[in-house]
Amino acid sequence: MPDSDPRDSPPKPNIAPEKTPEKTIVLVGLMGAGKSCIGRRLASGFGLSFIDADAEIEAAAGCAIEDIFERHGEAAFRDGERRVIARLLNQPVHVMATGGGAFMDAGTRALIKERATSLWLKADLDLLLKRTSRRNHRPLLKRGDPKEILARLIEERYPVYAEADIAIDSQDGPPEVTVARARAAIGAYLATPGAVAP
Ligand code: S3P
């Protein structure tokens, strides 16, 4: 006699089967949310390449982002950011991390909506502050008190980031936890009829 009746076994969790994305996954969120760290791991899990838009902007400009801000100003950086992301969105399916301001541009946002699946990595102020204080290379955070700046950016940007297709909490601790959450959320989103454009 079997130990237990199979009909007594607990229901399977309602997790969508994992699919390789058919569209590029674009990570959005504030500085320190973990977009590059999570993006790199997500890409490797999906067997896709990973592209860091900020690194591409630096490669195109031939200098670091802080130097672009210093020498040419923020508006020039935003122009370059818009152009580089538009070019990257033409590349084969990949995972892309964007700088925190990229999704705030209406044109970039529309292009991401059209060509990619967007994932917002949402993090609270304390975590962003903790992560961004490890290195002092972000020009926006040198303009005053980083805590006040990040708090203002949360107010300004979170309503816009909320337009992303998917949102998950980015947590402190091992990145694998957030990566697993991202994979589950992407799987569920892609399993939703209509989520992937023909
Ligand atoms: C910015 C975020 C930075 C970088 C630039 C501006 C922003 O990228 O693009 O310093 O406006 O939030 P990370 O979000 O990767 O730090």
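pLDDT is the predictor's confidence in each residue, on a scale from 0 to 100.

**View 1. Confidence across the predicted model.** Welcome to this structure, which is a predicted model. Over the protein chain, pLDDT averages 90, and 88% of the residues score at least 70.

**View 2. A stretch to read with care, residues 9-17.** Here pLDDT stays under 50, and the model has three contacts beyond four places in sequence for these residues. Where pLDDT is low, predicted coordinates should not be read in detail.

View 3. Look for the ligand in the largest pocket. The ligand is surrounded by 13 residues, and K35, D54, R78, R138 and R157 are the closest. Sorted by class, this shell holds five charged, five nonpolar and three polar residues.

**View 4. Polar atoms around the ligand's oxygens.** Zooming in, you can find a polar side-chain atom of R78 at 2.6 Å from an oxygen atom of the ligand. For D54, a polar side-chain atom lies 2.7 Å from a ligand oxygen atom. With G101, a polar backbone atom is 3.4 Å from an oxygen atom of the ligand. Taken alone, the ligand exposes 390 Å², and the protein buries 93% of that.

Key:
Residues numbered from 1 in each chain as written. Predicted model: local features only at pLDDT ≥ 70, side-chain atom pairs only at ≥ 80, totals over all residues. Heavy atoms only, no water. Near = heavy atom within 4 Å. Polar contact = N/O pair within 3.5 Å; in protein donor to acceptor, adjacent residues only side chain to side chain. Areas by Shrake-Rupley, 256 points an atom, 1.4 Å probe, with all protein chains shown as cover. 1 Å grid on protein atoms, 1.4 Å probe; cavity = no way out; pocket = protein on both sides within 12 Å on 5 of 7 lines; lining within 4 Å. Sits in = over half its atoms within 2 Å of the grid points. Nonpolar A, V, L, I, M, F, W, Y, C, P; charged D, E, K, R; others polar. Contact = heavy atoms within 4.5 Å.
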